[in-house]
Amino acid sequence: MSAPAAIRIEALHRRFGDLVAVERLDLEIPAGQIFGLLGANGSGKTTTIRMLTGLLAPTSGRAWVAGIDVVAEPEAVRRRLGYMSQRFGLYDDLTVEENLRFYAGLYGLVGEPGRARVEELIAGLGFTERRRQLAGTLSGGWKQRLSLACATAHRPAVLFLDEPTAGVDPAARRHFWEVIRGLAAGGTTIVVTTHYMDEAERCERLAMLWRGRLVAVGTPAEIEQQLGAPTLEDAFIALQEKDEAA
Amino acid sequence: MSLRTWPLWPMLRKEFIQMRRDRLTLGMMVGIPALQLVLFGFAIRTEVRHLPTIVLDEAHSSESRALVATLASSTYFDLVGQVDNRAEIPGWIGRGAAAAAVVIPPDFTRDLKRHRGAQAQVIVDAADPLSSASALQGAMLTSLTWAPDGTPPAARRPVELRVRPWYNPMLASSTYIVPGIIGVLLSITMVIITAMAVVREREKGTMEQLIVTPIDRTGLMLGKLLPFLLVGYVQMTVILVLGKLLFDVPLRGGLPLLYLMAFPFITASLGIGLFFSTLVKTQAQAMQAGFMFVMPNILLSGFMFPRAAMPEPAQALALTLPLTYFLEVLRGILLRGVGFDALWRDFAALTGFAVLTVALSVRRFHKTLD
């Protein structure tokens with residue numbers, strides 16, 4: 001293997017009662033890659049991300065993030081990962097600057113290093129004019145940008161994005177992806193869940209999930225080939241129809 | 001992780017900024033105590049005064065008239081009429097024109113002069129138990145203190161009934177209600193405010209974000225509890241000051257002791273709130289759970305009704321509520337002026353509750369979503 005794996009997943013399994021949300025998933029994601037988890041609602045992609053971030057305990061199986069066992073050492077792994085949820089996780093009644101200071105502080109970035117990092121993020125993401133604005137009054141695109149800044153304040157080795165661009169306008173989305181590519185170029189591994197085809201196309205590699213099972217993995221072109229569909233969207237819809245017929 | 005980089009500090013900072021911006025919390029700290037104090041303090045009167053009273057004076061002496069005058073000046077009785085024979089009394093009371101009647105028999109003056117223990121009768125409308133209890137008290141107070149002018153002290157014969165209202169000679173309900181309000185309000189606000197604060201983080205999705213950060217369970221819980229501990233102390237101080245200003249509630253014992261004893265009580269209430277937050281999903285449910293908890297507290301703890309008057313199962317249930325013990329503490333310190341030696345059992349019980357509730361909720365609060 002060329003690059004060391006940023007994420008290694010072995011037979012990861014999660015049940016909710018009788019429902020199997022993720023079924024014996026095996027996956028390896030090299031460092032510095034933008035990796036997409038593609039699937040319809042209920043395909044198990046959010047459950048997978050939640051197990052990798054320590055939000056949910058797996059029923060069985062193992063996973064390593066940045067070389068650390070997520071089940072055995074959940075606190076250690078949390079220092080190395082960043083997580084941006086669908087709901088952004090911002091405090092509406094705190095200002096942009098206060099949100100950043102809070103999240104940076106939780107990772108031990110306090111005092112002068114903390115202040116410096118917050119200033120860097122404010123300047124780098126164009127928040128200078130809005131630093132004293134309450135997060136609750138920001139538009140969707142700016143909230144997303146702030147949420148990303150909070151999730152990366154501690155420069156995580158692996159960044160998890162759970163449907164990050166839901167409800168955000170195209171211009172903000174484009175800017176968002178520029179930032180993501182910049183982070184990946186700097187060596188951060190990015191794992192992103194999505195069901196938007198244009199977003200899936202931007203990933204270097206994808207894993208396609210269907211009813212908790214891995215049905216295809218590879219570059220977007222390889223997935224089309226594996227599933228015998230002319231485009232990624234066709235492949236996606238074919239799986240969804242299979243789902244409705246079942 | 002050193003103490004300096006412990007995530008507790010940013011957590012506390014954040015909580016205080018949020019509290020400053022949250023009008024509801026500020027209102028709960030000052031507004032609600034003031035409102036409740038006025039409401040309870042003025043509206044709840046378990047002592048009834050100014051009972052409309054009629055007099056049947058069959059003795060017709062200066063002594064009997066002096067007794068009537070003393071009763072009237074006790075403020076328990078307001079004289080509304082004179083009657084000439086017993087048969088008229090049921091009519092007055094029956095139609096509600098009078099709630100009490102004072103009957104002084106013909107031989108009252110003679111017995112008094114012979115120091116035989118003269119008797120007079122107070123008839124009360126027992127359909128209203130509070131009124132009758134109050135009339136009894138009024139009559140008793142008068143009989144204890146009254147003697148016709150010129151009676152040598154040695155010749156005074158106190159009446160057999162010997163209930164002396166200690167600590168609260170005027171039997172003013174505000175005096176014992178106000179210390180109770182401190183306890184009741186603290187348990188309402190502490191339980192609800194904590195449960196809501198945790199559930200709000202979960203509803204808004206910020207709890208999910210907090211869980212993926214390296215903040216440990218202790219830091220997270222302390223970050224939530226410590227600011228509210230301060231809120232509790234502010235609230236208690238507001239009620240004490242207002243109680244003193246509005247109702248002249250006495251502060252007989254040591255305030256440092258009271259603030260010390262409040263610590264385990266507030267902590268236990270916060271622990272209960274935290275525990276509720278692990279049971280409910282929405283802020284509305286948290287609010288409901290809080291009120292469900294508060295009702296038995298108000299009814300059973302001795303805040304409104306004396307515990308001794310309750311059936312035994314209710315008394316046993318009351319012993320499982322921290323407020324029951326804290327009320328003993330409040331009344332003990334504020335009204336009776338007692339010290340720690342009289343209250344250490346309550347302190348021990350409250351400490352037990354604090355440890356138990358916080359431990360239980362920290363155990364239940366997993367740093368995972370399921």
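In this predicted model, helix α5 (residues 140-151) of chain A and helix α6 (residues 170-185) of chain A have axes that come within 10 Å of each other and cross at roughly 15°. Angles under 35 degrees count as roughly parallel, so α5(A) is roughly parallel to α6(A). Their crossing is right-handed. On the α5(A) side the contact is made by A:G141, A:Q144, A:R145 and A:L148, and on the α6(A) side by A:A172, A:F176 and A:V179. Sorted by class, the residues of this contact are four nonpolar, two polar and one charged.

Two packed helices are described by the angle between their axes and the distance between the axes. Helix α3 (residues 96-106) of chain A and helix α4 (residues 111-124) of chain A also have axes that come within 10 Å, and these cross at roughly 135°. That angle makes α3(A) oblique to α4(A). The crossing of α3(A) and α4(A) is right-handed. From α3(A), the residues A:E97, A:L100, A:R101, A:A104 and A:G105 take part in the contact, and from α4(A) the residues A:G114, A:R117, A:V118, A:L121 and A:I122. The contact of α3(A) with α4(A) divides into five nonpolar, two polar and three charged residues.

**The sheet of chain A**

Chain A also holds an open sheet of four strands, in the order β2-β1-β4-β5, with antiparallel pairing. Its edge strands are β2 (19-30) and β5 (68-69), each of which pairs on one side only. Strands of a sheet pair through backbone hydrogen bonds, either parallel or antiparallel. The table lists the pairs of this sheet.

| Strand pair | Sense | Bridges |
|---|---|---|
| β1(A) and β2(A) | antiparallel | eight bridges |
| β1(A) and β4(A) | antiparallel | five bridges |
| β4(A) and β5(A) | antiparallel | two bridges |

Strand β1 of chain A covers residues 5-16, and strand β4 of chain A covers residues 60-65. Individual residues show how the strands are set against each other. A:E10 has A:R62 in β4(A) as its bridge partner. For A:V65, the bridge partner is A:I68 in β5(A).

β1(A) and β2(A) form a hairpin with two residues between the strands, and there A:G17 takes a positive phi near 65°.

**Chain B and its side facing chain A**

Chain B has 14 helices and four strands. Of its 370 residues, 41% are buried. Among the contacts in chain B with a separation of 6 or more, 80% are between residues 24 or more positions apart.

How many residues of chain B are in contact with chain A? There are 23 of them, and they are in contact with 25 residues of chain A. Helices α1 (8-21) and α8 (206-211) of chain B each supply at least two residues of the side that touches chain A. α1(B) gives the most to that side, with six residues. By class, the side of chain B that touches chain A has ten nonpolar, seven polar and six charged residues.

**Two residues of chain B**

B:V212 lies in the loop between α8 and α9 (217-247) of chain B. Is B:V212 buried or exposed? B:V212 has 25 other C-beta atoms within 10 Å, and a residue is buried if 20 or more lie within that distance, so B:V212 is buried. Not counting residues up to four places away in sequence, B:V212 touches A:T53, A:G54, A:L55, A:R78, A:L81 and A:Y83. B:V212 and B:F228 are 16 residues apart in sequence, and their C-alpha atoms are 24 Å apart in space.

B:F263 has its place in helix α10 (residues 255-277) of chain B. B:F263 counts as partly exposed because it has 16 C-beta neighbours inside 10 Å. From C-alpha to C-alpha, B:F263 and B:F108 are 58 Å apart in space, and they are 155 residues apart in sequence.

Notes:
Residues are numbered from 1 along each chain as its sequence is written. Chains are lettered from A and ligands numbered from 1 in the order in which they are written. This is a predicted model: local features need pLDDT of at least 70, side-chain atom pairs count only at pLDDT 80 or more; totals for chains, interfaces and linings use all residues. Two strands pair if DSSP finds at least two bridges between them. A residue is buried if 20 or more other C-beta atoms lie within 10 Å of its own, exposed if 12 or fewer, and partly exposed in between; C-beta atoms are placed from the backbone. Two residues are in contact if their C-beta atoms, placed from the backbone, lie within 7 Å. Axes are lines fitted to C-alpha atoms, for helices over the stretch in contact, and angles run from 0 to 180 degrees between N-to-C directions. Angles under 35 degrees count as roughly parallel, over 145 as roughly antiparallel, 65 to 115 as roughly perpendicular and the rest as oblique. A crossing is left-handed if the near helix is turned anticlockwise from the far one by less than a right angle, and right-handed if clockwise. Ala, Val, Leu, Ile, Met, Phe, Trp, Tyr, Cys and Pro count as nonpolar, Asp, Glu, Lys and Arg as charged, and the others, Gly among them, as polar.
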